[in-house]
Amino acid sequence: MPITKTNEQIEIITIFTINGLQPFIFKWAGKKFKVEKVNLVHEQKQGDDKLVYFSVTSENNYFKLVFNTNSLKWFIEEIYHE
Amino acid sequence: MQKFILHLDMNSYFASVEQQANPLYRHKPLGVCAYLSPRGCIIASSKEAKKIGIKTGTNVAEAKKLYPNIILLENEPAKYRSTTTKIFSILSDYTDRLEPYSIDEAFLDLTGHIKTYEQGEKLILEIKQRITKEVGDWLTCSAGLSWTRFLAKFASDICRADSHLVLDSKISMLEKFNQVEMTEAWGIGKNIERRLNQLEIYNLIELKNYPVANLMQAFGKPGYFLWANANGIEIEGVRTQQEIIPKSIGHSYCVPKQEPDLQYIKAILMKLCEKTGRRLRQNNLEAKKIYTGYSLKYGGGFFKSKKISEPLYTTEDIFNNAWKIISQHPPQQKIKMIAISVSSLGPISDQLNMFTNNVHKNISQALDKINQKFGEHTVYSGKMWGLEMQAKDRIGFRKTVDINLKEDEIKYL
């Protein structure tokens with residue numbers, strides 16, 4: 001199955017839309033990816049941290065991005081590419 | 001006043017949420033599993049998987065035999081709960097009488113909010129559109145609208161995925177009763193069907209027309225419920241989350257280590273008692289009955305229930321009573337599953353026992369607050385040492401769900 005799990009911190013540009021915070025462009029593996037669509041947003045508590053997950057697609061790849069609302073950092077948790 | 005009850009049921013829910021999150025999974029057979037080991041069970045399959053015979057309950061090994069390229073994912077409870085919160089938040093815009101029935105089903109009492117079934121149908125389409133637009137465009141649901149809870153769920157159960165059915169009169173009800181098997185009706189499984197057949201009842205119309213006194217003689221009180229449901233008589237109505245007291249709270253776990261190791265069983269039991277106790281306290285309830293035991297790998301098992309004179313509230317109380325039962329009947333063969341549940345639930349009584357005080361209750365509440373704030377397993381009994389990855393968070397198929405309906409949008413800053 002072409003899915004990779006990881007937990008790398010990423011650099012990202014975000015925008016605030018009518019739906020709230022949304023990832024816009026991020027850098028991973030030396031490449032920039034523009035988020036074409038945010039497919040699902042969900043939350044989870046991990047200890048004292050609140051994590052917000054953005055399941056997004058870009059250039060026929062799927063990424064699961066995570067925003068830690070305590071540390072204000074972004075991570076990639078999953079990558080799926082065909 | 002004319003009653004209007006709506007039942008909403010998300011289609012292939014966990015699988016649909018996964019396909020919503022990752023569009024590259026769409027149009028493909030996919031199964032969401034409790035565990036990905038060969039004996040792990042599929043707890044939700046996509047419509048594509050269902051078409052090739054891979055359904056809920058199929059195990060991983062069987063699914064791979066049926067379709068080697070099936071996508072299998074381990075379930076993510078937080079993802080489904082979070083999505084359900086958003087869906088139920090939309091539903092709560094239409095009525096204050098919303099009953100979350102399970103993680104993917106809800107009843108809405110629309111009495112007083114709509115005046116006709118036509119208005120109800122427009123509302124159904126509006127709700128479906130909002131779910132698509134505000135939660136996810138891959139998520140679909142079936143909906144049923146009628147004047148009782150039973151008929152609303154019956155309607156949504158028998159209609160196709162991503163559609164709705166309105167039963168607005170006894171004529172339309174009877175028409176549908178004529179078209180389906182008895183076991184398609186909510187609450188009538190194979191066992192009940194067999195017993196109804198013994199009374200020469202073979203379909204819902206015959207159930208409707210059967211003398212209620214005779215049904216009660218055969219089934220007791222449930223006989224009345226069967227008759228009332230088939231006659232379009234409401235029994236309990238839509239109950240909000242605040243009105244529902246669960247009948248029992250419990251947890252079970254299929255153990256990876258199957259040897260009858262008492263220390264291991266004790267540790268797992270402690271963890272299950274902690275989870276049970278947390279939910280009990282979260283609901284401000286105490287229990288007066290306990291049920292615990294284990295099943296064996298090659299069949300059989302041991303289960304026992306016991307009434308408790310002092311109400312159960314703390315994890316320690318639940319565990320001590322459960323362990324007393326199991327330790328007196330330890331397994332001699334390989335085990336498959338351990339279970340614990342508490343019942344005879346009621347609101348917490350603040351009366352102090354002559355021989356104890358509230359210190360243990362207060363400690364339990366304090367530990368709950370710490371684990372709630374800093375995460376599960378922050379503070380725990382030493383008996384559970386090393387068990388973080390066992391008996392993990394799973395979505396139960398229980399009929400009440402702890403969904404916070406007050407969150408109507410994601411607040412993450």
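Accessible areas here come from the Shrake-Rupley method with a 1.4 Å probe, and that is the sense in which surface is meant at the first stop of this tour. The model on your screen is a predicted one.

**Stop 1: chain A as a whole**

Begin by selecting chain A, which exposes about 4300 Å², with carbon and sulfur atoms supplying 50% of that area. If you colour the chain by secondary structure, you will find 8 strands and 0 helices, and reading along the sequence gives the pattern β-β-β-β-β-β-β-β. The radius of gyration of chain A is 12 Å, close to the 12 Å that the globule rule gives for 82 residues, so chain A is as compact as a globular protein of that length.

While chain A is still selected, consider how much of the chain is covered: 45% of its 82 residues count as buried. Among the contacts in chain A with a separation of 6 or more, 33% are accounted for by residues 24 or more positions apart. Colouring by charge then brings out 10 positive and 10 negative side chains, and the centres of these two sets lie 3 Å apart.

**Stop 2: Gln22 in chain A**

Next, pick Gln22(A), which you will find in strand E3 of chain A, the strand covering residues 20-28. Is Gln22(A) buried or exposed? Its relative accessibility is 15%, and because buried means under 20%, Gln22(A) counts as buried. Show the surrounding side chains as well, and you can follow the contacts of Gln22(A) with Thr14(A), Ile15(A), Thr17(A), Val38(A) and Phe54(A), leaving aside residues up to four places away in sequence.

**Stop 3: chain B as a whole**

Now move on to chain B, where there are 14 helices and 12 strands. Of the 413 residues in this chain, buried residues make up 50%, and the accessible surface comes to about 20700 Å², of which 52% belongs to carbon and sulfur atoms. Residues 24 or more positions apart account for 65% of the contacts in chain B with a separation of 6 or more.

**Stop 4: strand E1 of chain B and its two partners**

Select residues 5-10 of chain B, which form strand E1; 6 of the 6 residues of this strand are buried, so E1(B) is largely enclosed by the rest of the structure. Both faces are covered, with Ile5(B), His7(B) and Asp9(B) buried on one side and Leu6(B), Leu8(B) and Met10(B) buried on the other.

Which strands pair with E1(B)? One of them is E7(B), residues 141-146, which pairs with E1(B) in the antiparallel sense over 6 bridges, and within this pairing Ile5(B) stands opposite Ser146(B). Another is E6(B), residues 105-109, which is also antiparallel to E1(B) and pairs with it over 5 bridges; here Leu6(B) has Leu108(B) as its bridge partner.

Before leaving, step back to Lys3(B), in the segment before E1 of chain B. At 33% relative accessibility, Lys3(B) counts as partly exposed. Setting aside residues up to four places away in sequence, Lys3(B) touches Asp109(B), Thr111(B), Tyr117(B), Ser146(B) and Trp147(B).

**Stop 5: strand E2 of chain B**

Select residues 30-33 of chain B, the strand E2, in which Leu30(B) and Val32(B) are buried on one side while Gly31(B) and Cys33(B) are buried on the other. In which sense, parallel or antiparallel, does E2(B) pair with E4(B)? The pairing with E4(B), residues 71-74, is parallel and runs over 4 bridges, and in it Cys33(B) has Glu74(B) as its bridge partner. With E3(B), residues 42-45, the strand E2(B) pairs in the antiparallel sense over 3 bridges, and there the bridge partner of Val32(B) is Ala44(B).

**Stop 6: Leu66 in chain B**

Finish at Leu66(B), whose place is in helix H3 of chain B, residues 60-66. With a relative accessibility of 47%, Leu66(B) counts as partly exposed. Leu66(B) touches Ile52(B), Gly53(B) and Ile54(B), not counting residues up to four places away in sequence. If you draw a distance from Leu66(B) to Ile52(B), C-alpha to C-alpha, the separation is 7.7 Å in space, for two residues that are 14 residues apart in sequence.

Definitions and conventions
Residues are numbered from 1 along each chain as its sequence is written. Chains are lettered from A and ligands numbered from 1 in the order in which they are written. This is a predicted model: local features need pLDDT of at least 70, side-chain atom pairs count only at pLDDT 80 or more; totals for chains, interfaces and linings use all residues. Side-chain values use heavy atoms; hydrogens and water are left out. Helices (H or I, at least four residues) and strands (E, at least two) are DSSP runs, numbered from the N terminus. The radius of gyration is taken over C-alpha atoms; the globule rule is 2.2 Å times the number of residues to the power 0.38. Buried means under 20% relative accessible area, exposed over 50%, partly exposed in between (1.4 Å probe, protein chains only). Contact means heavy atoms within 4.5 Å. Lys and Arg count as positive and Asp and Glu as negative; His and the chain ends are not counted. The place of a charge is taken as NZ of Lys, CZ of Arg, CG of Asp or CD of Glu. Two strands pair if DSSP finds at least two bridges between them.
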